[in-house]
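Good morning, everyone, and please have the sequence and the model open while I talk. I would like to go through the sheets, then some helices, and finally a few places in the backbone.

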Amino acid sequence: MQDTTILWADDEIDLLKPHILFLTDKGYKVQTVTNGADAVELFKNNYFDLVFLDENMPGLTGLETLSEIKNINADVPIVLITKNEEEYLMEDAIGSKIDDYLIKPVNPKQILLTIKKLTENKRLVTEKTTMAYQQDFRTLGMTLNDNLSYQEWVDVYKKLIYWELELEKLQDNGMHQILTLQKAEANVQFSKFIEKNYLDWLKNPDKAPITSTQLFKKKVFPQLDGAGPVFFILIDNLRYDQYRIIHPLISEYFRLEEEDTYYSILPTATQYARNAIFSGLMPLDMEKRFPQLWQNDEDEGGKNLHEDAFLADHIKRVLRKECKHSYTKILNIDEGRALNDTVSNLMKNELNVVVYNFVDMLSHARTDMQMIRELASDDAAYRSLTLSWFEHSPLYDLLKFLSQKQVKIVITTDHGTIRVKNPSKIIGDRNTNTNLRYKQGKNLNYNAKEVFYIRNPHDAMLPRLHLSSSFVFAKDDYYFVYPNNYNHFVNFYNETFQHGGISLEEMIIPISTYTSK
């Protein structure tokens with residue numbers, strides 16, 4: 001504060017001497033001038049942290065002086081002070097990008113508050129945010145040792161993401177490191193929670209959270225009330241934190257009706273989790289009901305090629321009536337634009353499903369492309385890349401169009417990802433699948449402390465490829481690496497975003513319903 005310098009231009013500056021003395025006593029350095037031309041000249045040759053401008057001065061007006069000063073340095077905050085309360089003047093001032101606006105007569109405390117807001121805001125916000133997180137840190141630390149329910153785990157995860165996004169704004173590496181350690185500890189405890197409860201959830205769904213298979217039944221079908229079409233938009237591989245940063249853009253055009261979460265089934269991989277959403281069935285039941293369509297890990301070809309058929313069967317099985325619907329999968333920007341060109345044709349449907357594969361491609365591209373690895377070097381950069389994509393995507397254009405119609409929008413994903421940091425050695429036969437966060441195979445050899453082991457896949461409602469097949473899921477931020485070429489694969493995959501295993505990021509999934517404003 002001692003170094004804060006203020007330029008104050010007012011043709012009646014002598015009448016403001018009490019204000020100047022008050023600020024001087026508070027440690028501010030104030031230089032005064034009586035007209036706009038002197039203000040511009042002084043500003044050009046000196047550095048100021050803040051400028052106060054009287055609106056009605058002889059010669060250059062306050063707004064004209066503002067324009068001149070902004071041309072010299074647009075980053076310095078400027079406050080316009082005026083006797084005139086006319087709305088047009090306020091609009092002109094706001095349009096000229098002033099930082100604050102005060103009506104005469106002003107009192108010293110009002111001036112002081114404005115100075116603190118504009119010059120010390122970052123420091124005050126940092127101190128308050130840091131103090132608040134430190135208090136929550138202790139509370140969260142104690143909570144993690146409790147016997148939490150599935151809803152309490154959702155609350156913990158949301159709280160961690162809230163603080164991650166708040167601390168990110170402060171660019172305080174020390175506090176961010178503390179949060180990172182707390183998130184890691186939360187994932188350790190969450191993995192134990194899933195290991196203890198997951199199989200029981202499958203046996204007793206009434207005592208379990210909403211999972212992938214129940215999403216349409218509990219969150220989508222009830223929206224089909226005939227008031228207008230429902231658009232179910234699934235952005236593949238979208239974590240809760242990524243959803244939180246695109247939500248403000250969506251809420252500019254839609255009213256949020258409900259924000260909720262559900263739990264992804266295991267494996268948290270597209271071929272399992274997303275097929276379960278559209279079919280309303282666990283993978284074992286899908287294999288039985290659709291022997292010609294279901295693809296196991298060993299099978300050749302795409303694993304998500306029949307979602308529209310699964311959805312049609314799901315609608316018929318659950319709603320037991322006709323439901324005019326569409327299914328569209330978007331794999332690139334041209335397909336997104338093509339959908340936007342024809343979206344009017346979908347307005348007569350009760351339900352329109354749109355799958356956007358962008359984020360999934362981004363996570364895989366980050367593994368494969370050096371440039372993407374550098375652009376998305378950590379969680380904050382990964383979020384930023386997602387936000388940039390969304391802002392310029394055909395999906396955002398689609399939402400803007402739909403906001404002018406009488407529609408409901410349900411936005412969700414199938415699973416999240418976690419940035420993996422710890423290699424876990426595993427040995428399997430040559431038919432073992434390639435996913436880094438789960439393995440299915442015969443005679444798997446692994447570190448038991450680092451995995452959730454399911455000896456009989458049928459217990460987890462998963463297909464069993466062979467009589468001796470089993471599943472292992474990586475916990476926390478581990479990723480599977482074979483002993484052969486161990487160092488090469490560790491260097492290649494370390495700190496990449498992966499999915500298929502057990503973590504808060506992969507399993508606790510956002511689902512939100514929006515209505516037209």
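Strand β10, which covers residues 408-412, and strand β19, which covers residues 508-516, pair in the antiparallel sense over five bridges, and in this predicted model you can find Thr-412 standing opposite Ile-511 in β19. For those of you who are new to this, strands of a sheet pair through backbone hydrogen bonds, either parallel or antiparallel.

These two strands belong to an open sheet of six strands, whose order is β7-β19-β10-β6-β9-β8 and whose pairing is mixed. Which strands stand at the edges? They are β7 (254-263) and β8 (325-330), and each has a single partner strand, so one side of each is left without a neighbour in the sheet. On average, and with direction ignored, neighbouring strands of this sheet are turned by 15° against each other.

Two helices that pack on this sheet deserve a look. Helix α14, residues 333-342, touches β8 and β9 (351-356), and its direction makes about 150° with that of β8. Helix α18, residues 394-402, touches β6 (230-235), β7, β9, β10 and β19, and its direction makes about 160° with that of β6.

Let me now turn to another sheet, which is open and has five strands in the order β2-β1-β3-β4-β5, with parallel pairing. Its edge strands are β2 (29-33) and β5 (100-103), each of which pairs on one side only, and the twist from one strand to the next averages 20°. Within this sheet, β3 (residues 50-54) and β4 (residues 78-82) pair in the parallel sense over four bridges, with Leu-53 opposite Leu-80 in β4. Helix α3, residues 62-72, lies across β3 and β4 and runs at about 155° to β3.

Next come two helices that pack against each other. In general, two packed helices are described by the angle between their axes and the distance between the axes. Helix α7 (residues 150-170) and helix α10 (residues 240-251) pack at an angle of about 55°, and their axes are 10 Å apart. That angle makes α7 oblique to α10, and α7 passes α10 in a right-handed crossing. If you want to see which residues meet there, look for Tyr-157, Lys-158, Ile-161 and Leu-165 in α7, and for Tyr-240, Asp-241, Arg-244 and Ile-245 in α10. The residues of this contact divide into five nonpolar, no polar and three charged.

Let us stay with charge for a moment, since side chains of opposite charge can pair when their charged atoms come close. The structure holds 28 salt bridges, and one of them is formed by Glu-166 with Lys-169, where the closest N and O atoms are 3.0 Å apart. Because Glu-166 and Lys-169 are three residues apart in helix α7, they are separated by about one helical turn.

Finally, I would like to point out some details of the backbone. A cis peptide bond joins Lys-104 and Pro-105, with omega about 0°, and Pro-105 has its place in the loop between β5 and α5 (108-119). The peptide bond from Leu-266 to Pro-267 is also cis, with omega near -5°, and Pro-267 is found in the loop between β7 and α11 (270-279). And where is Arg-320? Arg-320 is in the loop between α13 (307-319) and β8, and its phi is near 55°, which is a positive value in a residue other than glycine.

Conventions:
Residues numbered from 1 in each chain as written. Predicted model: local features only at pLDDT ≥ 70, side-chain atom pairs only at ≥ 80, totals over all residues. Heavy atoms only, no water. Pairing = 2+ DSSP bridges. Axes fitted to C-alpha atoms, helices over the stretch in contact; angles between N-to-C directions. Contact = heavy atoms within 4.5 Å. Parallel < 35°, antiparallel > 145°, perpendicular 65-115°, else oblique. Left-handed = near helix turned anticlockwise from the far one by under 90°. Nonpolar A, V, L, I, M, F, W, Y, C, P; charged D, E, K, R; others polar. Salt bridge = Lys/Arg side-chain N within 4 Å of Asp/Glu carboxyl O.
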